[in-house]
Amino acid sequence: MRILQVIDQLNIGGAERVFVDMCNILHENQENVTAFLLLDAGGDLANELKVPLQMLHRKSKWNLSSMYDCSKVIKKYHIVHCHCRHVYRYIALVNLVFRLKSKIIFQDHYGSIEIDKKVPFLFDNLFKPKYYIGVSSTLSTWALMSLKMKTENVFLLQNIIKKKKYADLGEKQLDIILVSNIKPLKNNLFGIELCKSLKRSLKVVGKNQDLVYFNAITKEVDYEITIDTTVSDAQRLMRTAKIGLHTSKSETGPLVLIEYLAQELPFLAYETGEVAKILKPHFPDYFIDNFNFEDWQKRLDLISNTPIDREKMQKVFEQYFGEQQYYEKLKNIYTCISRN
């Protein structure tokens with residue numbers, strides 16, 4: 001089975017991280033997989049790929065020459081696995097124009113599904129996916145209810161991350177770390193204001209994805225509050241922190257909670273996304289269902305004074321986010337689709 005994994009670029013982000021890890025896990029399990037980028041800018045994560053990489057160098061989504069070049073790549077593969085809505089829409093258009101016969105899968109990473117359930121333009125008719133993978137049960141249910149898809153063609157594949165291992169990095173150098181790209185949905189400012197109110201230091205790590213919001217946040221920077229938009233290996237920094245924060249209002253993952261878990265870092269997160277549903281029964285104190293300052297302050301104080309159960313964190317990580325079980329789930333999805 002020849003598999004093509006498709007995304008537009010590989011700048012740092014949740015879907016991009018999943019894409020790279022998925023390609024590498026398939027490769028490590030001797031699957032014939034190729035990564036295909038629609039744009040010519042590989043991005044910060046491209047050098048982590050262990051699989052062959054092709055780039056379309058698309059200048060315009062409406063360019064027929066680019067579409068034709070894309071179709072020539074696609075038709076060589078049995079499975080075309082598209083990540084993100086805008087990427088799938090383009091591949092669906094190419095498939096329609098050139099009448100391709102490859103089996104196209106749409107993997108949905110839409111992070112705002114908790115607050116935005118509308119159907120994207122033409123997704124319920126002309127571009128309706130035949131095969132759908134949701135990274136959360138909310139997304140999979142949305143596909144069944146809103147897109148009216150067949151149950152046997154909708155799959156749930158929760159995100160995982162590849163755990164990175166480091167030598168002992170010594171004494172903790174950071175107090176609190178918030179790893180998240182910077183934009184209003186991620187609610188980074190709440191975390192900054194929270195730490196300021198507690199007079200605790202905070203390092204915000206993530207890419208700037210909204211200039212107006214980023215400028216508002218930088219006004220809060222001082223000796224105790226820092227922002228770093230250049231980090232590509234966040235897990236290493238997590239290893240040096242005492243507590244992780246996650247303040248996003250809506251998520252499908254979020255991947256960062258799995259990374260905190262992998263690096264045995266206690267955290268406090270707003271309760272949203274599939275990972276929160278999985279982890280809350282095991283670590284109830286690590287989740288909160290509001291944005292009340294006093295509640296967050298009390299919970300942070302509790303976590304700060306509670307010993308870390310590293311053995312439990314390791315066990316839960318392997319139980320839900322181990323690479324081999326992830327590969328088996330993905331392989332089963334491909335097998336089901338191949339037979340359909």
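At 0% relative accessibility, F123 counts as buried, the cut-off for burial being under 20% relative accessible area. F106 is likewise buried, with a relative accessible area of 0%. The model described here is predicted.

A search of the whole structure returned 17 aromatic pairs. One of them joins F106 and F123, whose ring centres lie 5.8 Å apart; the planes of the two rings meet at 80°, so the pair is classed as edge-to-face. F106 belongs to strand β5, whereas F123 is in the loop between β5 and β6 (131-134), so the contact ties together parts of the chain that are 17 residues apart in sequence. Both residues are also members of one aromatic cluster, which is formed by Y88, F106, F123, Y132 and W142.

An edge-to-face pair is also formed by F267 and F287, with a distance of 5.5 Å centre to centre and 80° between the planes. This pair links distant parts of the chain, since F267 is in strand β12 (residues 267-270) and F287 is in strand β13 (residues 287-288), 20 residues apart. F267 and F287 are both buried.

Strand β5, which contains F106, spans residues 103-108 and pairs with β4 in the parallel sense over 5 bridges. Within this pairing, V80 stands opposite I104 of β5.

The burial of β4 was examined residue by residue. Of the 5 residues of this strand (residues 79-83), 5 are buried, so β4 is largely enclosed by the rest of the structure. In a regular strand, side chains alternate between the two faces of the sheet. In β4, I79, H81 and H83 point one way and V80 and C82 point the other way, and all are buried.

Contacts between a charged group and an aromatic ring were also found. The charged end of R2 sits over the ring of Y77, at 4.5 Å from the ring centre.

Methods: Residues are numbered from 1 along each chain as its sequence is written. This is a predicted model: local features need pLDDT of at least 70, side-chain atom pairs count only at pLDDT 80 or more; totals for chains, interfaces and linings use all residues. Side-chain values use heavy atoms; hydrogens and water are left out. Buried means under 20% relative accessible area, exposed over 50%, partly exposed in between (1.4 Å probe, protein chains only). Helices (H or I, at least four residues) and strands (E, at least two) are DSSP runs, numbered from the N terminus. Two strands pair if DSSP finds at least two bridges between them. Rings of Phe, Tyr and Trp (its six-membered ring) pair if their centres lie within 6.5 Å; planes under 30 degrees apart count as stacked, over 60 as edge-to-face and the rest as tilted. A charge sits over a ring if NZ of Lys or CZ of Arg is within 6 Å of the ring centre and within 35 degrees of the ring normal.
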